[in-house]
Amino acid sequence: MTLGDYLAGASRGHNGAPKPALIVQGGGLRGIYSMSALATLEELGLRDSFSFVIGSSAGAINGAYFLAGQAREGVGIYVDDLSNRHFISPLRFWRIVDVDYMVDVALKQRHPLDIDAMLAAPAPLYTVLTDAETAQAEVVSNRDPEIDIYEVFRATGALPVLYNRRVLVGDRRYVDGGIAEQVPLAEAIRRGASEALVILTRGAGHRRVDRSPAYRAGARLLSFGQSRAIRAKVGVADAAYNTAMETLEAENGTHTSCTTWSLRPSDLQQLVGRTTKDGAALRACAELARADMLALLNGKHENVSSC
């Protein structure tokens, strides 16, 4: 049975087992890869194949548009609305990445999320935020009536250095969820996932290691207004991320506490960067994701590991 057949059976409730979780990595404009992969699942009618969707930063936003049936529209947001100086400008050093423009203009005005459709989807969305004081992960559900989903988007995308705001959600302030958990595999397992499809926007072997002392010093200087705990996370190795990536690359195929299927870019030459503004490069990355997802679903790009 191919993964595509398995997910189709899960969508119809035929597998006789809990549906897999869906874990989505973001990474700024690199998130077009995961959005396009989700658009492919959407196109194939597999939106209802998952028990829950979880992600941080762009991964959570992508997951919301997928659950609302708007992932294909979401690919266009990256290409048409975010690949410009309104969103990214190195000359605007106090806000190089304008998350307010993304949320208030690109999302709210031009491509509003169908919140009713998102909430009607069988799977909830869990978004990872990073507590602005403690730098610890906090997970919120789209089904919490007390939260504004757009403020959750603003918070989980609030990158220290590049945007540098602390965003109020409920009674706490948060920053980029990727600071605490960029690939929330451990959180998915804690929430009971026995299987998971993991969409990554980084290639095999990628790790988050210590940057140079000069880089760390400059980044911490630009993280003005952030807590000491947040500044301490900037530019240093990320043990949780590295452990998740090592687990997903373990490919021994045994079924223990959790079995995963990982999608990652097959051609790193076509993978864009966090702040890429080249529309042609973004479209090429989206096409790569679609081809990779189709290959994975058809058993030609299978990467199964036990977590």
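What radius of gyration would a compact globule with 307 residues have, and what does the protein chain have? A compact globule of this length would be near 19 Å by the rule of 2.2 Å times the number of residues to the power 0.38, and the protein chain, taken over C-alpha atoms, has 18 Å, which agrees. The model is predicted, so to speak of local features takes a pLDDT of at least 70, side-chain atom pairs count only at pLDDT 80 or more, and totals for chains, interfaces and linings use all residues. Residues are numbered from 1 along each chain as its sequence is written, and side-chain values use heavy atoms, without hydrogens and water.

The C-alpha trace spans about 55 × 40 × 40 Å along its principal axes. The protein chain holds 12 helices and 9 strands, which are DSSP runs (H or I, at least four residues, for helices; E, at least two, for strands) numbered from the N terminus. Of the 307 residues, 58% count as buried, that is, under 20% relative accessible area with a 1.4 Å probe, protein chains only.

Turning to the rings, a search of the whole structure finds 5 aromatic pairs (Phe, Tyr or Trp, the last by its six-membered ring, with centres within 6.5 Å; planes under 30 degrees apart are stacked, over 60 edge-to-face, the rest tilted). One of them joins Phe50 and Phe66, with centres 6.3 Å apart and planes at 65 degrees, so the pair is edge-to-face. Phe50 sits in the loop between helix 2 (31–43) and strand 2 (53–56), and Phe66 in helix 3 (residues 58–67), 16 residues apart. Phe50 is buried at a relative accessible area of 1%, and Phe66 at 0%.

Note on methods. Buried < 20%, exposed > 50% of the residue type's maximum accessible area, 1.4 Å probe, protein only.
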